Structures are given as structure tokens and as C-alpha cells.
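Let's take a walk through this model together, one piece at a time.

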Amino acid sequence: MKLENMYQEIILDHYKRPHGKGLNEEFQAEVHHVNPTCGDEITLRVSGNEDGTISVSYDNQGCSISQASASIMFDQINNLNFEHGEGAVEHLVAMLQRAEDPNEDVLGDGIALVGVAQYPARVKCALLPWMAWKDAAIQAGMKKEK
Amino acid sequence: MSTLDVAAIRADFPILKRTVRNDRRLVYLDSGATSQKPYQVLDAERDFYENHNAAVHRGAHLLAEEATDAFEHARANIASFIGANADDLVFTKNATEAINLVSYAFLNATLKSAHKKALPPGSERFILKVGDEILVTEMEHHANLVPWQELCDKTGAVLRWIGLTDEGRLDLSDETLFNERTRIVALTHQSNLLGTVNDIPAIVKSARAVDALILLDSCQSVPHMSVDVSTLGVDFLTWSGHKMLGPLGIGCLWGRADLLAAMPPFITGGSMIEVVSMAGTTFAAPPKRFEAGVPMAAQAVGLSAAVDYLRVLGMDKVAAHEHEMTKATIAGLQSIPGVRIIGPEDLVDRGSAVSFVIEGLHPHDVGQVLDESGVAVRVGQHCAKPVCTRYGIAAATRATYYIYNDLDDVEALIEGVHAAKKFFGV
């Protein structure tokens with residue numbers, strides 16, 4: 001059964017015990033992203049810290065992949081600056097859409113999402129929270145023009 | 001005992017010979033989204049392209065004549081399948097376009113009237129004023145909801161809707177929903193998510209009492225049961241070809257002749273005109289008025305072959321066959337702890353779309369486990385988000401049946417649901 005390739009133990013752990021779920025009261029930008037074909041939804045808030053990093057909080061509902069991915073996103077991106085956070089998003093996109101080798105230093109448990117790439121319909125589920133973070137961070141003006 | 005010879009039917013569908021994930025046989029339970037196609041339909045379409053291909057209603061050559069004959073023969077044959085005349089059947093690209101064609105008849109009549117432009121005789125029925133009402137139901141597919149919301153936004157008409165009971169039926173207790181401001185009642189014959197078959201005679205009676213028009217979205221009924229517009233009492237019937245063994249890219253609008261004649265066109269251009277000058281244009285009579293551009297002749301020929309295929313089986317037998325599988329599916333799902341069926345659990349006035357949720361499991365994950373064992377279902381909101389909201393669910397898993405399914409397929413679904421629960425430990 002190939003199913004275990006996608007639903008690795010680590011993914012199911014994040015799904016059952018998500019990290020960082022729950023919205024912060026204070027925020028600079030809030031986004032609501034949905035995957036209308038399957039009903040995944042995430043509300044995500046960001047706020048800038050004094051050191052230039054970004055705090056993230058979220059609440060969501062959806063399939064195991066989107067929920068686990070949000071939990072992993074929190075672990076990897078919370079309190080990074082925009083540049084590093086965006087780099088992590090790009091790594092995930094490269095792994096899922098271009099079959100590039102994952103970098104565990106950047107993606108952490110996110111490398112366990114590699115099996116999702118075999119199921120194109122699920123890639124959107126995995127990307128949903130990360131794309132929501134990027135959108136919120138840009139809306140909050142945290143992307144610095146070079 | 002099945003009412004259909006499923007083994008013989010399955011032999012007509014080439015796709016059922018292939019295997020899917022893990023070399024499993026394909027258990028296709030997604031015909032509500034699109035049906036598979038038999039050789040007879042594929043051969044008819046191929047024959048058109050190989051031997052008769054030309055742009056219909058144009059050209060002075062033999063192929064153009066043959067193509068036009070084939071196209072118009074298909075129209076007559078498909079029309080007769082629902083008890084209609086050929087002239088009252090309009091081909092569209094899909095059922096969504098067919099519904100938009102009617103909603104835009106209202107919009108275009110209203111706009112042209114406001115600017116005192118020429119309209120066909122009888123078009124008053126389509127001119128809306130602020131405060132007029134469009135009545136839909138809470139169980140509509142987005143295709144029979146969003147066009148009417150848009151029409152209301154553009155005209156100042158008001159959208160009202162018939163709510164749903166906890167059992168998944170229309171709640172017809174509020175009689176004021178049908179009133180003198182109601183201009184059209186647009187509803188589904190069979191809900192694509194709940195499986196509910198609506199009481200059309202009751203709707204017709206209420207709508208007629210206030211002189212409202214009735215549009216019936218029949219995407220989930222024409223493929224699955226006998227539908228006859230000569231006795232149904234509605235004004236418009238819309239459905240798609242690809243859900244009834246036909247090709248993709250063709251839908252149908254049947255309309256009462258006097259109403260089609262009174263409607264301004266939707267999409268404009270070649271083929272649908274009478275006389276064109278730089279100063280203005282007059283339009284062809286229906287159905288051509290609503291068929292701008294070179295039409296989908298090969299798809300019409302394919303759909304005509306699909307109609308022939310279903311006619312030989314007999315629609316009453318098709319309905320009885322699906323009923324058996326619906327019964328087994330509902331019983332099977334009811335026996336599994338934590339499974340909730342969304343839609344009627346009794347078998348009266350119920351079609352073969354069976355949707356369900358499993359406590360603690362998201363439908364996308366259920367669908368993934370089913371797919372692993374070769375069972376193809378649809379998961380998500382089924383283009384019916386308000387239905388999901390009504391029943392407090394984010395999404396659902398849906399099985400739909402057709403002529404090539406049998407009780408083994410039901411069993412594969414039920415086993416798959418058990419497997420999903422086991423895999424995720426719920």
C-alpha cells in the first residue's frame with residue numbers, strides 16, 4: 001500500500017496533535033484561505049516583532065494533510081523574518097511541484113510531506129497554510145523591497 | 001436479481017477494463033460527476049469525424065449536408081427521449097450554460113426594455129422590475145444558484161429560497177414563498193448531494209397558482225429515470241450530456257415553444273441571425289437563435305447514440321437497478337458506527353446519490369483510502385456549499401451509481417469505509 005508514503009506517522013501525529021493552533025488576539029494582517037473543491041479552510045494572522053521576525057497564529061479545518069501541514073508550517077515559520085519564511089515556502093513548493101530534494105534544515109518535519117507529491121489533487125491541501133502565511137505577511141507589509 | 005444485465009453492459013465500456021491504483025479493478029462511483037462512455041457513443045462520434053465531418057448549417061457540399069442531417073437527426077432523437085419536439089431543444093456547451101441562457105433571457109429582456117430596444121413578442125414575461133422575486137431552493141447545485149444571484153444583483157430582483165428539513169427534503173411549509181412577485185422558480189429535480197427527488201407536481205401547482213415560470217435542473221434525473229416534459233408541467237428543462245453516457249461539451253435546454261420564441265438571445269454571433277446590417281440585426285427562430293457559432297455536431301451525434309443506448313435498456317429498469325444499489329448502500333453505511341448519511345435515509349423519492357461523513361475523518365482522507373482500493377468517489381462540497389452549511393458539515397464523501405455498477409461495487413465501498421476508519425484509527 002502506497003498510502004503510507006503520504007500518510008507517514010509524523011504527518012498523522014501533527015494531524016492528531018497540531019502545534020500552535022489557535023488565533024492570537026493581536027495581529028497586523030489576517031487572511032482566510034479556502035480550497036473550495038474539498039472544503040479546507042484556514043484563518044491565519046501575522047504580526048511583526050521588534051527584531052523583524054513575524055509571529056503567526058492560525059485556526060483551520062480540513063483534511064489531515066492540510067491540518068498537519070499547518071502544524072508543520074507553525075513549527076518552521078513562526079518567528080522567522082519574511083525572507084527566511086518565504087524561503088521555506090519556496091522549498092516546499094519545489095519539493096511538491098518540481099520533485100526537488102527536500103532540505104530538512106529548512107522544512108523540518110515538512111520533508112515528510114514528500115509523499116503528497118504523488119497525489120496532485122492533494123498538493124493544494126499541503127500548500128494552503130504556507131500560501132496563507134505568505135499572503136498575510138505581504139498584506140502586513142513585511143516583504144521588504146530591495 | 002438485477003433488472004439489468006450488468007456484465008453485458010460492462011463489456012460495452014472500455015474504461016472499465018483498465019485497472020487503477022495497485023492494479024485494482026476500477027469501481028467507478030462518480031457517475032454523478034460524469035458518466036463513463038460505451039463503445040456505441042465513442043463509435044458514433046468517431047464515425048462522424050471519419051465520414052461526415054463538416055460545419056453544419058453552412059456549405060454547399062455533400063459533407064455539409066450529411067453533417068447537418070446527422071446533427072438535426074440527433075436533435076430530434078434526443079428531444080423525443082424527453083417527450084419533446086426537436087424545435088424546442090437547444091444545444092449548449094453544458095447544463096450550466098443552459099441555465100445561464102434562461103437567466104440571461106431575463107437580464108437581456110430587462111436591459112433592452114429599459115433602453116426601448118426591439119424585443120420578441122411575448123418578452124414581457126422576462127422583463128424584471130425591482131422587487132420581483134426569483135425562487136430557488138437551498139439544495140441547488142451552484143449552477144442553479146449563482147446565475148440567479150447574479151441576475152438579482154443586476155436587476156434589483158430579490159432571491160428567495162425554499163429551505164430544507166432535517167431529513168433532506170424541501171420544506172414547503174412557507175406558502176408565502178410563492179406569491180404574485182415570483183417570476184420564476186428554479187429548482188433541481190434530484191439533488192446532486194442529498195439524492196432527494198423533489199415533488200415536482202406540488203411545485204408546479206404552487207408556481208402555476210401565482211403564474212410563475214418553472215425551470216427544472218435535470219442533470220441528475222434525465223440520466224437516471226424516465227422524464228417526460230409533456231406531462232411534467234415545467235417550462236424549462238436543463239441537463240448535461242456527459243452525465244448520461246454522452247460526450248463532454250454538450251448540454252441541453254428544452255423550453256416551451258412560446259417561451260423560447262419570446263426570449264432574446266444569450267450568446268450572439270454567426271448562425272443565430274436572420275438579417276444583419278450595420279444598423280442592427282434580427283435573430284433566427286429558436287432553437288438556432290440560441291446556438292451561435294459552429295455547433296458541437298459530433299457531440300450531438302454521440303449524445304444521440306447515448307440516448308439510443310439508454311432507450312434499449314429502458315429508463316424504468318435503469319431507475320430500478322439504481323434503487324437496489326441505493327438501498328444496499330444506505331443499509332451498509334447505517335451499519336457502520338460513526339457514519340452519518342447526509343440526505344434522506346428512506347428510499348421513497350430518492351435517487352442514487354448517497355453522501356456521508358465519518359466522525360473524526362475528513363472526506364478527502366476517506367476518498368484517498370477508497371482510491372487506494374480502486375473505488376472512485378467524489379469528495380468535497382459537490383458544488384453545493386449551502387447544503388453543506390445547512391447540515392453543519394465542511395464537506396462530504398459521495399457515491400453515485402449507474403448502469404454499469406452492481407452490488408459488488410457497493411460492497412467495495414463499504415469495505416473501503418471500514419478500511420478508512422481502521423487506517424486513521426477512528
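Begin with the open sheet in chain B: seven strands sit in the order β2-β8-β7-β6-β5-β3-β4, and their pairing is mixed. Keep in mind as you look that this is a predicted model. Follow the sheet out to its edges and you reach β2 (89–92) and β4 (158–162) of chain B; each has a single partner strand, so one side of each is left without a neighbour in the sheet.

Now zoom in on one pair. Strands of a sheet pair through backbone hydrogen bonds, and they can do that either parallel or antiparallel. Strand β6 (residues 213–217) and strand β7 (residues 236–240) of chain B run parallel, joined by three bridges. If you'd like a landmark there, find B:Leu215, whose bridge partner in β7(B) is B:Phe236. What lies across β5 (182–188) and β6 of chain B? That's helix α6 (residues 200–209) of chain B, which runs at about 155 degrees to β6(B).

Step back to see chain B as a whole. It's divided into domain 1 (6–30 + 314–424) and domain 2 (45–311), and the C-alpha centres of these two domains of chain B lie 29 Å apart. Where they meet, 23 residues of domain 1 of chain B are in contact with 21 residues of domain 2 of chain B. On the domain 1 side, the elements giving two or more residues are α10 (315–334), β12 (354–358), α12 (385–390) and β15 (396–399) of chain B. The largest share of that side, five residues, comes from α10(B). Sort the domain 1 side by class and you get 12 nonpolar, five polar and six charged residues.

Next, look at where the two chains touch. That contact takes 11 residues from chain A and 13 residues from chain B. On the chain A side there are six nonpolar and five polar residues, with no charged ones.

Let's finish inside chain A, at A:Thr37, which you'll find in the loop between β1 (29–35) and β2 (40–48) of chain A. Is A:Thr37 buried or partly exposed? With 17 other C-beta atoms within 10 Å, A:Thr37 is partly exposed; a residue needs 20 or more to count as buried.

Definitions and conventions. Residues are numbered from 1 along each chain as its sequence is written. Chains are lettered from A and ligands numbered from 1 in the order in which they are written. This is a predicted model: local features need pLDDT of at least 70, side-chain atom pairs count only at pLDDT 80 or more; totals for chains, interfaces and linings use all residues. Two residues are in contact if their C-beta atoms, placed from the backbone, lie within 7 Å. Ala, Val, Leu, Ile, Met, Phe, Trp, Tyr, Cys and Pro count as nonpolar, Asp, Glu, Lys and Arg as charged, and the others, Gly among them, as polar. Two strands pair if DSSP finds at least two bridges between them. Helices (H or I, at least four residues) and strands (E, at least two) are DSSP runs, numbered from the N terminus. Axes are lines fitted to C-alpha atoms, for helices over the stretch in contact, and angles run from 0 to 180 degrees between N-to-C directions. Domain bounds come from an automatic or database domain assignment. A residue is buried if 20 or more other C-beta atoms lie within 10 Å of its own, exposed if 12 or fewer, and partly exposed in between; C-beta atoms are placed from the backbone.
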